[in-house]
Amino acid sequence: MSADINKLEQTASQVRRDIVRMVHACQSGHPGGSLGCTDYFVALYFHAMKHDPSFNMDGIGEDLFFLSNGHISPVFYSTLARAGYFPVSELATFRKIDSRLQGHPTTHEHLPGIRVASGSLGQGLSVAIGAAQAKKLNKDNSLVYVLMGDGELQEGQVWEAAMYAPHNKMDNIIAAVDYNNAQIDGSTETVLSLGNLRAKWEAFGWDVLEVEKGNDMASVVAGLDEAKSRTGKGKPVIILLHTEMGNGVDFMMGSHKWHGVAPNDEQLASALNQIPATIGDY
């Protein structure tokens, strides 16, 4: 299926507006990482994945997605709403009392599109591999996607899972790393260097591809298409997605300081002036 890049870019612009408005309204959340991953989420849900917004928890016959770095929930919720999983108007309840849209996605509110709760980092790859293995056992040829943060790769469980998938020839999984070189305390290089990530994942037996322009829609779409073409060949696939924290809002770009900080009224106005409204604010 060919992608309408212009339409995807328009959707991404609206999702970015949703993100800054949601986080501003409750004065809580993580706008930086959410803005950086917007192009990936939109390309995934509006182009790459085979999925059904009517949502059945077992996901038989459709592609599945798991968000491991769940603190970037604003981009996940906005994308799900814009894709038809629940009313866009519900985005106004983000992080409010009794809302289904909690700071980290949870399952007990039965929010459509959420298949696993997140909180402690480092667990999403294991969950995704389990789902991928279930699909193989069920002779279900659809794919499983998972997104991790780069700082999250400092967790040991990630590397246990990284060993398991190639050993069991889990070639129906496409993992991605939000490779923005930033985490809550600073740069990943300063906190705990990740070294040569491509060499590490290749050493573990993964088929690695890099998307150098993770905030360029055409590049992200091409990367996802290439990743899909590499499935079914005996190896799990991983995308190193080079993104920029806060992409789309100049004063947030490239700064780890917008990990867990909400814009004030003046900053919100500035951000919205930079992000065009395309398909209507909630």
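**A first look around**

Modeller: Let's start at one histidine: leaving out residues up to four places away in sequence, H259 touches H30, H71, I184 and M245. Keep in mind that this is a predicted model.

Colleague: Where is H259 found?

Modeller: H259 is in the loop between β7 (237-242) and α10 (265-274).

Colleague: And is H259 buried or exposed?

Modeller: H259 counts as buried, because its relative accessibility is 16% and the cut-off for buried is under 20%.

Colleague: OK, zooming out. How many helices and strands does the protein have?

Modeller: There are 10 helices and 7 strands. The radius of gyration is 17 Å, close to the 19 Å that the globule rule gives for 282 residues, so the protein is as compact as a globular protein of that length.

Colleague: What box do the C-alpha atoms fill?

Modeller: Roughly 50 × 45 × 35 Å, taken along the principal axes.

Colleague: What share of the residues is buried?

Modeller: Buried residues make up 55% of the 282.

Colleague: Let's pick a helix. Which residues of α5 are buried?

Modeller: They are G124, L125, A128, I129, A131, A132 and K135. Looking down the axis of α5, these buried residues fall within an arc of 160°, so they line one face of the helix.

Colleague: What do the buried residues of α5 pack against?

Modeller: They pack against β1 (64-67), β2, α6, β3 (173-179) and α8.

Colleague: How does the span of α5 work out?

Modeller: At 1.5 Å a residue, its 14 residues should span 20 Å, and the end C-alpha atoms are 20 Å apart, which agrees. After the helix comes K139, with a positive phi near 55°.

Colleague: You mentioned α6. Which of its residues are buried?

Modeller: V158, W159, A161, A162, A165 and P166. Down the axis of α6 the buried residues fall within an arc of 160°, so they line one face of that helix. On the other side, E160, M163 and H167 are exposed.

Colleague: What do the buried ones pack against?

Modeller: The buried residues of α6 pack against α5 (124-137), β2 (144-149) and α8 (197-203).

Colleague: And the span of α6?

Modeller: The helix covers residues 156-167, and its 12 residues should span 16 Å at 1.5 Å a residue; the end C-alpha atoms are 18 Å apart, which agrees.

Colleague: What comes just after α6?

Modeller: K169, which takes a positive phi of about 50°, and K169 is not a glycine. K169 is in the loop between α6 and β3, and at 53% relative accessibility it counts as exposed.

Colleague: Here's another: where is F55?

Modeller: F55 is in the loop between α3 (38-48) and β1. F55 is not a glycine either, although its phi is positive, about 65°. F55 is buried, with a relative accessible area of 18%.

Colleague: Back to the strands. What is V144 in contact with?

Modeller: V144 lies in strand β2. Leaving aside neighbours within four places in sequence, its contacts are L64, F66, A128, A131, A132, K135, N172, I173 and I174. The relative accessible area of V144 is 0%, so V144 is buried.

Colleague: Last topic, cysteines. How many disulfides are there?

Modeller: The count comes to 0. C26 is in no disulfide, and the nearest cysteine sulfur, that of C37, is 19 Å away. C37 is in no disulfide either, its nearest cysteine sulfur being that of C26. A pair needs its sulfur atoms within 2.5 Å to count.

Colleague: Are C26 and C37 buried or exposed?

Modeller: C26 is buried, with a relative accessible area of 19%. C37 is buried as well, at 0%.

Technical notes
Residues numbered from 1 in each chain as written. Predicted model: local features only at pLDDT ≥ 70, side-chain atom pairs only at ≥ 80, totals over all residues. Heavy atoms only, no water. Buried < 20%, exposed > 50% of the residue type's maximum accessible area, 1.4 Å probe, protein only. Helix = DSSP H or I, 4+ residues; strand = E, 2+ residues; numbered from the N terminus. Expected span 1.5 Å × (residues − 1). Arc of directions from axis to C-beta. Contact = heavy atoms within 4.5 Å. Rg over C-alpha atoms; globule rule 2.2 N^0.38 Å.
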